Amino acid sequence: MSSFAPASAPHLPARSTVRRVMGDVLIALVPGVIAQVWYFGVGVLVQITLAILFGLVFESIMLRLRGQDQMPWISDLSAPVTGALFALCIPAWSPWWIACVAMFAAIVFAKHLYGGLGRNIFNPAMVGYVVVLIAFPLALARWPAPQPLAAHAPGLGDLLQMIFSGHLPAPHRFDTLSQATPLDTVKIEAARGYTLAEIRSNPVFGSLGGKGWEWIANWYALGGFYLLWRRVIHWQVPVALLGTTILLTSPAWIADPDINPLPLQHLFSGGLMLAAFFIATDPVTGAATPRGRLVFGAGVAALTLAIRRWGAYPDGVAFAVLLMNACVPLLDRITIPRAYGHGRTRDE
Amino acid sequence: VRIHCFHGGLKLLGRYDAVPSPVRTCALPPRLYLPLIAREGTIDPLVSVGDRVLRGQCIGEPSGIGAGVHASASGIVVSIEIRDVASPHAARATCVVIGSDGEDHCSPLPRIEDWQHVSRETLLERLQGAGVAGLGGAAFPTHVKLAAPVEILIINGAECEPGIACDRALMVESAREAVRGAALLAHITHARQTIIALGDTMQDAWGAIEGALRDHPFEGAVLAQVPTRYPQGGERQLIETLTGRQVPAHGLPREIGMLCHNVGTAVAAWRSVARGEALTSRIVSVNGAGVARPGNYEVRFGTPIAWLIEQAGGYTSSAARLVAGGAMMGVALPHDDMPVDAGCNAIQVLDEAKILPPVPELPCIRCGECVRVCPARLLPQQLFAYLVREDWPRVQQHRLDACIECGCCAISCPSQIPLVEWYRWGKQELREQARSRQQATASRKRFEVRDARLRRTREERAAQRPPETTAVAAPTISKAEVLAAIARGRARRERRAPGHPPDENGRAR
C-alpha cells in the first residue's frame, strides 16, 4: 500500500503569477517610455530610475516594519510599477526629492498603511503624484518643451545637476527651456478670450493633441493593446473611459468648435491615454465587476473633463482616478452580476 | 443544434497530457471490495461470509431509492468489513469482500429484445435490477433520474477535464451500443429530441458515433459538437451550450424539461436491457507521469486502486499525488488501498513538478481573471474577501451556493490563492449555520407546542372542575394590623442583635 500526502483540488498549479502580471505592465510601458524619452530627453529615464529605487527602498522598509518577508513581496514588481507610472507623470527634470516625497506618500501611506499589496483603496502612483502636485506646483508645472520645439536641450551633465541639486546650471533658464503644456495653453488662452482656432495656431499643438504628446499617447495605447492581449487588463475601463470622453465632448464641439476643443484633442492631450490603459485599469483600486468597470471608466472620463473645463488644474486625470477609487466599494456592491441559474435564462 | 456558449471556462486540453485511446482490460484481482454505500438510507448485505456468488448477482439491497450492489466477479464472500473508500459520500464504509475464483461465472438477467414495445416501468425496473448508475462521476441511480418524462434528452460525451478520456475511448470502441443506449433512454423518457454531444476535438469518437447513428437511426436524434472548453462536460454548462437555457439554482434540469445522461450510462443501460448484464465494470483512465503505462482500462468495480496501478505498470519514481477523478475536481486519496467504484472515471498519479505552485501565496490583487473564467458567473475575488472576513450575509448575497467548485478560478489566480478550498469551507460553514438555525427553530416550535398543550390542559381542567359554591372571603387585614406586626418583628430582631441598628427597611445589617 502506498500512501500520499493530502491535498485539495484543483491539482494543477496556477498559470500566472503576480510578478508576471506586474512584469507585463512594465513591458507594456516600454514603447510609451521610448516615445517620451524621444520627445523629452533621457531625464525621463532618470526619473523612472529614481522613482523605482525610492519605491523599492520604502517598500523594503515597510515590509521590515510590518514584520513580513522581503523576498516574495519585494520581487512581485508592484513597487516598480507604481514608481514607473508616477515617474511618467512628472517633468523630466524634476529635482530628486519630488520622486522621494511622492514614493513615500505612495508606498508608505497609500499602500502599506492600508495593509499592503492588494489592500490599498487609492491608486498609489496617483496618490504620490497628487501629493507632489499640491505640495510643489511650480516644479511640476515646468515641463520641458518637446524635442522638435526645444531650442537647445541641456546636456546630460546639466540635467543630472538640475535633478540632484534642484537648480538649473548657469546658462540655462527655465523660461527658455520650459513651455506651457498644451492643456495649460488651452486653459490660459481660452480664459483670455481666444478662440480655439487661434489657440491651436500655437506651435505646441500637433495635428490632434500637443506636439509630441499625441505620439506618446499613441505608443501608450499600443502598450495598452498588449495588456489587453495578455489579459492583464479588461476592455471595459479603456473603452468606457475613451468612449465617454468622445461622447461628452462631441456635442459641445459640434455646437461651438470655437470654444470647445475637438474630442480627439482631449484624448491625445495630457495623461488621458496613459490613464485609460495603465492607471484606471489598476485592478486593486478599480472595480471588480464588468459593469462596475464600465462605470468606473466613464466616471474617470467625466471627472477629468469636468476638472479640465472648470477646475484649477489643467489636467484632472489623477484627481478623477482617486475620486473614482473612493466609489469602488459601492460600485462593486451594486453591480454584482447575476449568477448562473439565478433569474432570467438569457443574459442580454 | 445551435451552439450557444457558457460564461468563462478554460481551454485546458492540449496543455496537459491526454490518455492514449485503446481500452485494455484490467486483470481480475484476487479480491474485490464492494462498498455498500447508498446516496440515501442504507444498503443491507444479502450475502454472508462463505456464500458463493456469481458475477452480476445482487449482494446488497438498498433501503431507500438507490440501486443495488452487484457482485463484480464470481467467487466466495471472504468477509464483510469496514474499509476506507474513495467515495464523496463517506470516507469509510462496510464492504463485501469477494475472493475471486478466477472463473468469472455470470448470472445474467433475461434479455429484453423488443424493448420498444415494453412499458417504461418494466425497463426502469430492469435498470434498477441491474444496478445501473450514472458513470459521469456522481453515480446517481439511473432509474430515479429517468422517472419523469422530459422534452430534451442530452447524452453527454463532452468530457473536458484534463486526465479523463474514458468516455472518448468508450465512444470509439462501443459507438453502436452508445447510440442504441441513447435510443433506449429516449424511449424511456419520451424525449422529443435526443442530443448526443461530443467535444470538438474528438474526431475519432465523432466518426464512430456518426457511423453508428447512420446504422441505427432513431427519431429525434441529433449529433452536436461542442467547444472543448472546461467545464463543458458539466451538466449545467452543457445544457446552456446546447439550448441557451440555464437550470434554475437549487433546481434540476428536469424542471426545464431536460435530462442529461453520461454516454457511459447509456451504454450500461443498453447492456442491462439487451444483454441482461448488470453494471459491474467501467472504463477508468489511468494517467499522469507517476504511472508507468497510462491508458484506459476496463476495470471491475471493487478492484483495489493499487492493483489497477500495478496492471498499469506500477508507480514511477516521480509519483507524488494520487487523485481519483480529473485534475481539476478529483479527490486526492491518502493511499491506494481503496476500491474502484462506478463514480471513478480516472485515477491519476501526478508528479511533483506538475502540482507545485510556482511561487508562494500572495494577497489578492483583484486582477479579475477569476471573474472572467467563472462558469457560474460569480465574483470569486469578492467572495474570497468576504469569506476571509466571515461576512456571511455578503457571502450569501454573492451566491456562494452557485459555485460548482470547478477550480477555474484557482488555477487562474496569479496570487496562488487556493480559492476552491475557501469556497468549500464557506459552504460547510453556511450549512452548519443553517442547521443550527433550524435546530433553534425546531426547539422553539417544540417549546411553543408544549406550552400551548399545557395551557390547554390547564384550561380543560379548570373547565372540568365543579364551580365553587361558597366563595372564600378574602382575608381583610387593616393597615394598622400590618404596622403593628412590623413593629413586633423589629422589636424581636433588636432584642436578638442589640449592637446592630436596623436600617430604614427594618432589616438587620
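Start in chain B by selecting E9, E10, E11 and E12: they make an open four-stranded sheet in the order E11-E10-E9-E12, with parallel pairing. Strands here are DSSP E runs of at least two residues and helices are H or I runs of at least four, numbered from the N terminus; two strands pair if DSSP finds at least two bridges between them. E11 (221-226) and E12 (258-262) of chain B are the edge strands, each with a single partner, so one side of each has no neighbour in the sheet. On average, neighbouring strands of this sheet are turned by 25° against each other, ignoring direction.

Before going on, note that this is a predicted model: local features need pLDDT of at least 70, side-chain atom pairs count only at pLDDT 80 or more, and totals for chains, interfaces and linings use all residues. Residues are numbered from 1 along each chain as its sequence is written, chains are lettered from A and ligands numbered from 1 in the order written, and side-chain values use heavy atoms, leaving out hydrogens and water.

Now zoom in on E9 (152-157) and E10 (193-199) of chain B, which pair in the parallel sense over six bridges. Pick B:Leu153 and you'll find B:Thr194 of E10(B) opposite. Next, show helix H6 (235-243) of chain B, which packs on the sheet and touches E9, E10, E11 and E12 of chain B; contact means heavy atoms within 4.5 Å.

Most residues other than glycine have a negative phi, and most peptide bonds are trans. Select B:Tyr230 and B:Pro231: the peptide bond joining them is cis, with omega about -5°, and B:Pro231 sits in the loop between E11 and H6 of chain B. Then try B:His190, a non-glycine residue with a positive phi near 55°, in the loop between helix H4 (175-189) and E10 of chain B.

Finally, bring up chain A. Click A:Asp332 and B:Arg366: they form a salt bridge, their closest N and O atoms 3.1 Å apart.

How values were computed
Salt bridge = Lys/Arg side-chain N within 4 Å of Asp/Glu carboxyl O. Axes fitted to C-alpha atoms, helices over the stretch in contact; angles between N-to-C directions.
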